[in-house]
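Open the model in a viewer and keep the selection tool at hand. The stops below say what to select next and what is there.

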Amino acid sequence: MEYWARSVAWKNFITSGGRSTPEEPDYLRLSIMNMIAGAGCVAFLLFLVLDLSGLVGWSAFRITVNLLGIAVTLVVLIALRAGAPIGVMAKLAHLAMFALLLLLALARGESVIAITIPLIYPAPAYLLLDSVARASIGTALMLLCLYAIILTSSGGFFENTGAVLDGAMSITLAMAFQAAVMALYLRSRQSSMARLKSLRDILAFQSTHDQLTGLLNRYIFDDVIGREMRRRSDDRLFAFLMFDIDHFKGYNDTLGHPEGDELLKRISKTVQGLFNRAEDHIFRLGGEEFGIVFRPRDRAEAALMADRLLEAIESMEVPAQCGPHRYITASGGLLCRTPGPGPEPETIYRLADQAMYRAKQAGRARWMEAEDENGKIGGTV
Ligand SMILES: Nc1nc2c(ncn2[C@@H]2O[C@H](COP(=O)(O)OP(=O)(O)OP(=O)(O)O)[C@@H](O)[C@H]2O)c(=O)[nH]1
């Protein structure tokens with residue numbers, strides 16, 4: 001089990017740059033992979049030239065590895081152009097490059113640097129996957145160490161030019177691959193993070209907003225009430241105005257539910273026009289019931305806002321389908337108090353609801369002020 005987990009981690013570690021989503025044509029990844037394969041091809045060609053020119057130790061094995069390197073990178077290039085999946089080709093190229101660098105190093109076994117480079121290649125590559133800052137530090141450190149090894153192990157820069165060139169080219173190739181790994185990884189991580197974020201935003205919006213009107217819903221009501229009741233930043237009052245459209249059932253029954261929905265949307269716009277301060281919260285609490293949490297300076301201002309709202313709804317001049325009024329009206333309940341420790345959100349809701357019920361009983365098209373359990377006005381609590 002542990003071996004399996006380790007081998008999977010290793011596989012991810014080596015091939016992480018090659019992840020792709022096959023359903024999306026990813027032109028950036030395609031370009032990067034084309035670039036890597038092209039650069040790989042050129043680099044192996046240069047290795048070959050170095051070998052053949054006798055600048056570095058010549059061996060049939062070395063030549064074979066160089067030729068293999070050219071062949072693999074050419075296959076990758078051609079396959080990419082023929083439309084092979086980018087992710088698969090990236091994995092293939094990445095693994096082949098690592099294996100070939102290792103073989104090349106073994107072929108030149110007398111040089112410490114030549115063997116070391118491919119072995120340390122995955123370590124900084126892993127570092128590079130995390131962040132650009134860590135990547136830069138990791139890269140700088142690795143380059144410093146490698147050049148220190150080159151200078152010390154080959155007995156001076158000018159005495160073994162072949163080994164130095166060989167090492168430097170290996171480093172360059174490795175660095176190009178690390179940069180590509182980082183670019184691919186960061187890009188794929190960024191796009192999946194962006195997708196996740198937009199999904200999270202959509203879900204957060206949908207869970208707290210009413211689909212029909214776009215207003216806040218009952219789900220977030222308790223949170224808002226709790227927050228507004230606890231606030232200390234502002235010494236204005238806490239007010240909760242709840243209202244319900246009168247005889248909405250009759251309106252729906254006569255004109256149909258789609259017309260009823262339209263009316264709900266229009267009324268929500270009217271409320272938004274009136275309660276338009278940044279700190280106002282407007283809810284559709286259910287059916288044809290709405291609520292507004294706002295911060296009046298005093299009770300008189302809260303009462304004025306309640307009056308204005310009911311007037312604004314009637315002034316929409318939507319013909320009522322039943323009841324004594326010519327136009328659609330609404331009835332409300334208002335609760336007003338100073339913020340601070342006090343009743344729970346459900347108590348606030350219940351008190352305002354009771355006040356609204358009294359307004360309905362008294363003939364509708366009006367609002368009443370909430371009273372607490374002791375019969376006192378909500379605002380004096
Ligand atoms: N069109 C529409 N109607 C809804 C929606 N939600 C609830 N309703 C309707 O709202 C009506 C509410 O009816 P009642 O609770 O009897 O209230 P009312 O007729 O307004 O009576 P009062 O409030 O006493 O004046 C019902 O007919 C519900 O079907 C909705 O999203 N869209």
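This is a predicted model: local features need pLDDT of at least 70, side-chain atom pairs count only at pLDDT 80 or more; totals for chains, interfaces and linings use all residues.

**Stop 1: a loop residue**

Most residues other than glycine have a negative phi.

Now move to E317 for a second case. E317 also is not a glycine, and its phi is positive at about 55 degrees. The loop here is the one between α12 (299-314) and β4 (330-337). Is E317 buried or exposed? E317 is exposed, with 8 other C-beta atoms within 10 Å.

**Stop 2: the chain as a whole**

Zoom out and colour by secondary structure. The protein chain holds 13 helices and 5 strands. Of its 381 residues, 34% are buried. Among contacts in the protein chain with a separation of 6 or more, 70% are between residues 24 or more positions apart.

**Stop 3: two helices**

Select α10 together with helix α11 (residues 257-274). Two packed helices are described by the angle between their axes and the distance between the axes. For α10 and α11 the angle is about 135 degrees and the axes are 6 Å apart. That angle makes α10 oblique to α11.

Show the side chains at the contact. From α10 come F248, Y251, N252 and L255, and they meet H257, E259, G260 and L263 of α11. Sorted by class, the contact of α10 with α11 has 4 nonpolar, 3 polar and 1 charged residues.

**Stop 4: the ligand shell**

Select the ligand and the residues around it. How many residues surround the ligand? There are 17, and the closest are D246, F248, K249, G260 and G287. At least two residues of the shell come from each of β1, α10 and α11. By class, the shell around the ligand consists of 4 nonpolar, 6 polar and 7 charged residues.

**Stop 5: the sheet**

The 5 strands form an open sheet in the order β2-β3-β1-β4-β5, and the pairing is mixed. At the edges stand β2 (281-286) and β5 (367-369); each has a single partner strand, so one side of each is left without a neighbour in the sheet. On average, and ignoring direction, neighbouring strands of this sheet are turned by 20 degrees against each other.

Bring α12 back into view. This helix packs on the sheet and touches β1, β3, β4 and β5. The direction of α12 makes about 165 degrees with that of β4.

**Stop 6**

Select β2 and strand β3 (residues 289-294), which pair in the antiparallel sense over 5 bridges. β2 is mostly covered, with 5 of its 6 residues buried.

Where does G287 lie? G287 belongs to the hairpin of β2 and β3, which has 2 residues between the strands, and takes a positive phi near 35 degrees. G287 is also one of the closest residues to the ligand.

**Stop 7**

Finish at β4. Here 8 of the 8 residues are buried, so β4 is largely enclosed by the rest of the structure. View the strand from its end: A330, G332, L334 and C336 point one way, while S331, G333, L335 and R337 point the other way, and all are buried.

Check the partners of β4 in turn. β1 and β4 run antiparallel and are joined by 8 bridges. Starting from I245, the bridge partner in β4 is A330. β4 and β5 run parallel, with 3 bridges joining them. On that side, select G333, whose bridge partner in β5 is M368.

Key
Residues are numbered from 1 along each chain as its sequence is written. Helices (H or I, at least four residues) and strands (E, at least two) are DSSP runs, numbered from the N terminus. A residue is buried if 20 or more other C-beta atoms lie within 10 Å of its own, exposed if 12 or fewer, and partly exposed in between; C-beta atoms are placed from the backbone. Axes are lines fitted to C-alpha atoms, for helices over the stretch in contact, and angles run from 0 to 180 degrees between N-to-C directions. Angles under 35 degrees count as roughly parallel, over 145 as roughly antiparallel, 65 to 115 as roughly perpendicular and the rest as oblique. Two residues are in contact if their C-beta atoms, placed from the backbone, lie within 7 Å. Ala, Val, Leu, Ile, Met, Phe, Trp, Tyr, Cys and Pro count as nonpolar, Asp, Glu, Lys and Arg as charged, and the others, Gly among them, as polar. A residue is near a molecule or strand if its C-beta atom, placed from the backbone, lies within 6 Å of it. Two strands pair if DSSP finds at least two bridges between them.
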